[in-house]
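Here is a short report on one protein chain. Look at the structure first, then read on.

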Amino acid sequence: MIHDFSSFFERFGWPSSKGRLPFCIGHRGASGHARENTLEAFRLASELGAEMWELDTQLTKDGVVVVSHDDHLGHVFGVDRNISQITAAELAALEGVDVPTFEAVAALARDLGTGLYVELKAPGTGTLCWQHLRQINQRFACLGSFDTAQVRELRDAGCAWPLSVLVRVGHDPHALGDEAGADILHLCWERAGAQPQDLITTELMRRAFDDGREIVLWHEERSAVLKDIMQLPVLGICTDLPELMRPVTEGAHSGLFKP
């Protein structure tokens, strides 16, 4: 199967000369090596070859977007506090807690030439992230969510950044893409057995491409599975371990895919 990504890159102003496809998207940064969703993890992901960082958004009590998968700080930092119940200043002052603001992560991405693959968690963060990206003209970014309403809100507001809908196993990606008005189907199917790559059928890909959508795949750390899905005509693959992708693709394809 041959797929040309040039129209997507031209439409959204993404750098056509950045790395190679499929993009390596550091899942919460290089979270297999460093604490997830921290500046350390993001910087390390770039050092290991990731072209983009996947990150999650939460909202402080005073309306500041910060980067954390969970609202509660217990799982990552062992602190019994909720981001949504404290101010950004109070969050920054918590001992042993390292939750960066979205603006800080975006600034680091600009410095390193890395793209942002933003998963919207807390409602209301999408518009704020989009406004910030627009203010600083940071085009190499994508906004998405499992929550189709958050994606549709951005689409209906005229967001000119690519929008992604995240799809769980057993859900219809095409129906969710229509519901959200998404440009990207992000298939979160890493738990669909030992060979989730078998679910990425030619029929599924052709339907997505005919609908004008690209595909991003789950976070993957199994070498055999990665080897297979890296041969697919997909825009990107998330991984906790970016170094598993980059050595394999050295000198490989540049946007046109063949079986």
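Where does Q197 lie? Q197 sits in the loop between β7 (184-188) and α9 (202-210). Which residues touch Q197, leaving aside its neighbours within four places in sequence? They are W218, V225, D228 and I229.

Keep in mind that this is a predicted model.

**The whole chain**

Start with the overall picture. The chain has 11 helices and nine strands. Its C-alpha trace spans about 55 × 40 × 35 Å along the principal axes. How does the radius of gyration fit a compact globule? For 259 residues, such a globule would have a value near 18 Å. The chain has 17 Å, which agrees.

Of the 259 residues, 53% are buried. The accessible surface comes to about 11,200 Å². Carbon and sulfur atoms own 48% of that surface.

Charge comes next. The chain carries 23 positive and 37 negative side chains. The centres of these two sets lie 3 Å apart.

Next, find β1 (23-27). Five of its five residues are buried, and the strand is mostly covered. Which way do its residues point? F23, I25 and H27 point one way, while C24 and G26 point the other way. In a regular strand the side chains alternate between the two faces of the sheet.

Four bridges join β1 to strand β9 (residues 236-239), and the two run parallel. Within that pairing, I25 has C238 as its bridge partner. Three bridges join β1 to strand β2 (residues 52-59), also parallel. Here H27 has E54 as its bridge partner.

Move on to β5. Five of the five residues of β5 are buried, so the strand is largely enclosed by the rest of the structure. A141, L143 and S145 point one way from β5. C142 and G144 point the other way.

What does β5 pair with? Strand β4 (residues 115-120) pairs with β5 over four bridges. L116 has A141 in β5 as its bridge partner. Strand β6 pairs with β5 over three bridges. L143 has L163 in β6 as its bridge partner. Strand β6 (residues 163-168) has five of its six residues buried, so β6 too is largely enclosed by the rest of the structure.

The table gathers the pairings named so far.

| Strands | Sense | Bridges | A bridge pair |
|---|---|---|---|
| β1 and β9 | parallel | four | I25 and C238 |
| β1 and β2 | parallel | three | H27 and E54 |
| β4 and β5 | parallel | four | L116 and A141 |
| β5 and β6 | parallel | three | L143 and L163 |

Some backbone angles deserve a look. Most residues other than glycine have a negative phi, and most peptide bonds are trans.

What kind of peptide bond joins L21 and P22? It is a cis bond, with omega about -5°. P22 is found in the loop between α1 (6-12) and β1.

Then compare two asparagines. N37 has a positive phi of about 60°, although it is not a glycine. N37 is placed in the loop between β1 and α2 (39-47). N137 also has a positive phi, about 55°, and it is not a glycine either. N137 lies in the loop between α6 (125-135) and β5.

Are these two residues buried or exposed? N37 is buried, with a relative accessible area of 2%. N137 is exposed, with a relative accessible area of 53%. The cut-off for exposed is over 50%, so N137 passes it with its 53%.

N137 and G63 are 74 residues apart in sequence. In space they are 22 Å apart, C-alpha to C-alpha.

Terms used
Residues numbered from 1 in each chain as written. Predicted model: local features only at pLDDT ≥ 70, side-chain atom pairs only at ≥ 80, totals over all residues. Heavy atoms only, no water. Rg over C-alpha atoms; globule rule 2.2 N^0.38 Å. Buried < 20%, exposed > 50% of the residue type's maximum accessible area, 1.4 Å probe, protein only. Areas by Shrake-Rupley, 256 points an atom, 1.4 Å probe, with all protein chains shown as cover. Lys, Arg positive; Asp, Glu negative; His and termini not counted. Charge placed at Lys NZ, Arg CZ, Asp CG, Glu CD. Pairing = 2+ DSSP bridges. Contact = heavy atoms within 4.5 Å.
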